[in-house]
Amino acid sequence: MLPPFLSEIARIAELGPSAVVIVMGCGLCDLLIQASLQTGCEAYGCEYMPIPSDLAEQEILEASLRG
């Protein structure tokens, strides 16, 4: 999903700091990272495939260092 589309979903769903987002098959976690940084929600993902899972961990670490 492109960032503007996720922003619209977050607005419609009224995501905020009290929301929890869970995604099964989250891939690289781009959606979760954006939702969390943009709205302050808690975000959890589950990815079965090892390579996307490893890359997601790196993305999350990088986002937390910037955040």
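Does Ala13 count as buried, exposed or partly exposed, and why? At 46% relative accessibility, Ala13 counts as partly exposed, because buried means under 20% relative accessible area, exposed over 50%, and partly exposed in between, with a 1.4 Å probe and protein chains only.

Some ground rules. This is a predicted model, in which local features need pLDDT of at least 70 and side-chain atom pairs count only at pLDDT 80 or more, while totals for chains, interfaces and linings use all residues. Residues are numbered from 1 along each chain as its sequence is written, and side-chain values use heavy atoms, with hydrogens and water left out.

Ala13 sits in the loop between helix H1 (3-12) and strand E1. Helices (H or I, at least four residues) and strands (E, at least two) are DSSP runs, numbered from the N terminus. Between the C-alpha atoms of Ala13 and Gly45 there are 18 Å, and along the chain 32 residues.

Now the strands. E1 (residues 20-24) pairs with E2 (residues 42-46) in the parallel sense, over five bridges; pairing requires that DSSP finds at least two bridges between two strands. Opposite Ile22 stands Tyr44 in E2.

Next, the core. A nonpolar core is a set of buried Ala, Val, Leu, Ile, Met, Phe, Trp, Tyr and Cys residues joined through side-chain atoms within 4.5 Å. The largest one has 10 residues, among them Val21, Leu32, Ile33 and Cys41. Helices H2 and H3 (50-66) each supply at least two residues of this core, and H2 gives the most, with three.

Last, Cys41. Leaving aside neighbours within four places in sequence, Cys41 is in contact (heavy atoms within 4.5 Å) with residues including Gly16, Pro17 and Ser36.
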